[in-house]
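Here are my notes on the model you sent over.

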Amino acid sequence: MRVLPDVVLVLLGVTLRLFLVGNFDPWWGYDAEGHIRNIDHYHDPGGIPPLGFSREAYHPPLFYAATELMMRLMPESLWPLGHWRAAGGVLPAALKLLQLIPVVASALRLSILAVGLRAYLPGRPHARFWALALAAVLPVSVHQDAMVSNECLNILFVALALLVMPWAFRDDLRAKPAAVLLGISIGLALLSKYSAFVAAAVVGLGAIVFIAAGYRMGRPVGRGRLVTWSLCGIAVFSVAGWFYARNYALYQKITPTPYDRSGWDGDLYGSTGAERTPYLLRRPPRFFFGWSGDIFRAPFWPATLTAEGSLLQPVLVASTFVDFYDHGFSGAPLEYPRADDLRVNGRVLRRTALTAARISFVGGVVICLATVVSWGVAMVCSRRRRDFVAITVLLLPVIAVLGQIHYAVTYPIEEHGVVKGAYLMFAAPPLLGLFGLAVEDLWCRRRTKPLAVVLMMALAAVATYTLTSLWLGTNPS
């Protein structure tokens with residue numbers, strides 16, 4: 001088996017992320033102030049902060065505990081506690097070093113993805129190549145892996161869960177230890193971010209169907225599967241159950257958010273009138289099914305905020321293949337911008353980045369369409385084979401998108417960026433594999449080869465945007 005292409009692509013992905021970290025201010029990340037304040041609290045006075053402490057205080061503790069441990073290993077001379085912005089605007093070295101946590105997590109995740117693609121797509125080297133290539137250069141992934149955020153651990157542990165899951169769907173001696181490791185992985189993901197509940201729900205649904213099928217095959221088989229998956233559930237609750245029990249005891253909700261507390265977030269949510277509006281009426285149909293041609297011209301905030309209301313699909317695509325909210329991916333915001341610079345979301349944007357972003361968005365639309373079609377074909381084939389593992393994996397991105405929709409409907413606050421491709425990255429591995437399969441399958445047929453070339457060009461367009469943005473970050477003038 002040739003592993004050199006996998007190694008090269010993993011190293012490329014890690015290199016791009018290190019390159020961005022070198023020029024990316026930690027304060028540019030999504031909700032950076034809240035995450036950094038959380039880190040401060042975990043270090044001193046210590047422990048999980050109360051819900052009202054910051055906008056990000058509701059998050060599970062694993063990432064912040066990891067950063068606190070890393071801070072303990074640093075000399076105190078590197079960071080003035082409570083003074084993350086030192087005198088003269090100098091960035092404390094400790095805060096910059098904390099960006100190594102998402103970079104290391106991304107290196108592990110890309111390695112797990114490479115191994116997982118070999119397990120899920122045996123005999124499909126070209127599909128694996130194109131899937132891993134997209135993972136290496138995907139803008140939202142590269143961008144997110146430079147941010148001091150809990151998202152990196154959530155994505156990592158869900159990827160690990162997907163890697164070990166096939167062994168849990170067996171009836172041999174490997175099933176039980178694999179199920180325990182699967183449960184631990186999901187539990188660690190749940191200690192990183194609430195969105196891991198999507199992975200837990202999908203795996204649980206697959207397990208229920210698998211157990212039921214075992215009882216139809218014969219009682220001993222069904223009983224064995226029940227024991228195996230019971231061990232998985234026990235592992236999940238042992239790792240993460242205490243945190244959600246604590247949430248319920250303190251807030252009467254297992255997943256409280258900043259909108260549940262009094263203050264600016266709660267008041268803003270109250271001003272939307274969402275609580276007084278029936279759930280199904282909070283968003284018009286156009287939000288789910290509408291599209292805007294304007295976003296091809298400028299795929300940045302607030303391109304989809306029209307008189308008729310905001311749109312879901314264009315923002316999901318743009319925030320995956322472009323830095324839609326302009327959070328520093330295209331270079332440092334300058335104190336003295338040039339005359340031809342643009343302003344997006346209150347920050348500087350280079351015109352060169354805008355051109356590359358337009359091309360990347362078009363490429364992203366093409367990639368999304370191909371992936372959706374590939375998903376449908378794969379689901380039909382998996383159902384015919386009664387492949388429980390494949391069906392479970394294919395359901396993950398679907399349920400993740402439904403979770404994103406639920407969040408955007410529950411909290412219809414566009415100013416807070418409630419629609420982000422970043423929220424779906426934990427469910428990306430199946431989609432990456434489907435893209436790779438689409439390229440390989442189209443290439444294998446003479447009539448469809450031109451379509452495969454189109455997909456390769458779309459990937460090249462996305463890679464061009466990523467490379468252009470990283471280059472602009474090192475050339476602010």
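1. Start with helix H9 (residues 175–190) and H10: the two pack at an angle of about 150 degrees, and their axes are 8 Å apart. Helices here are DSSP runs of H or I, at least four residues long, numbered from the N terminus. Axes are lines fitted to C-alpha atoms over the stretch in contact, and angles run from 0 to 180 degrees between N-to-C directions. H9 and H10 are therefore roughly antiparallel; that label is for angles over 145 degrees, with under 35 counting as roughly parallel, 65 to 115 as roughly perpendicular and the rest as oblique. The crossing is left-handed, as it is called when the near helix is turned anticlockwise from the far one by less than a right angle, with clockwise giving right-handed.

2. A word on what you are looking at: this is a predicted model, where local features need pLDDT of at least 70 and side-chain atom pairs count only at pLDDT 80 or more, while totals for chains, interfaces and linings use all residues. Residues are numbered from 1 along each chain as its sequence is written, and side-chain values use heavy atoms, with hydrogens and water left out.

3. Who meets whom between H9 and H10? Leu182, Ile186, Ala189 and Leu190 of H9 meet Ala196, Phe197, Ala200 and Val203 of H10, where contact means heavy atoms within 4.5 Å. By class that is eight nonpolar residues, no polar and no charged. The classes put Ala, Val, Leu, Ile, Met, Phe, Trp, Tyr, Cys and Pro as nonpolar, Asp, Glu, Lys and Arg as charged, and the others, Gly among them, as polar.

4. Next, follow helix H10 (residues 196–217) to helix H17 (residues 388–410): they pack at about 150 degrees, axes 9 Å apart. That makes H10 roughly antiparallel to H17, and the crossing is right-handed. On the H10 side the contact includes Val203, Gly206 and Phe210, and on the H17 side Thr392, Leu396 and Ile399. The tally for this contact is 13 nonpolar, two polar and no charged residues.

5. Helix H1 (residues 4–23) and helix H6 (residues 125–137) have axes that come within 8 Å and cross at roughly 10 degrees. That makes H1 roughly parallel to H6. The H1 residues in this contact include Asp6, Gly13 and Arg17, and those of H6 include Phe129 and Leu132.

6. Which residues touch the most other members of the largest nonpolar core? Of its 143 residues, they are Leu182, Trp229 and Leu396. A nonpolar core is a set of buried Ala, Val, Leu, Ile, Met, Phe, Trp, Tyr and Cys residues joined through side-chain atoms within 4.5 Å. Helix H8 (residues 151–168) gives the largest share, 13 residues. A second, separate core has five residues, including Tyr259 and Tyr411. Back at Trp229, its contacts beyond four places in sequence include Leu182, Val203 and Phe210.

7. Helix H15 (residues 313–321) is mostly covered, with eight of its nine residues buried. Buried means under 20% relative accessible area, exposed over 50%, and partly exposed in between (1.4 Å probe, protein chains only). The buried residues of H15 include Pro314, Val317 and Phe321. Among the elements covering them are helix H16 (351–385), H17 and H19.

8. Most residues other than glycine have a negative phi, and most peptide bonds are trans. The bond from Trp301 to Pro302 is cis, with omega near 0 degrees, and Pro302 lies in the loop between H14 and H15. Asp31 has a positive phi of about 50 degrees; it sits in the loop between H1 and helix H2 (32–46) and is partly exposed at 31% relative accessibility. Arg386 has a positive phi of about 55 degrees, lies in the loop between H16 and H17, and counts as exposed at 53%.

9. Last, Thr448: buried or exposed? Thr448 is buried, with a relative accessible area of 19%. Its place is the loop between helix H18 (428–443) and helix H19 (449–474), and beyond four places in sequence Thr448 is in contact with Asp441 and Leu442.
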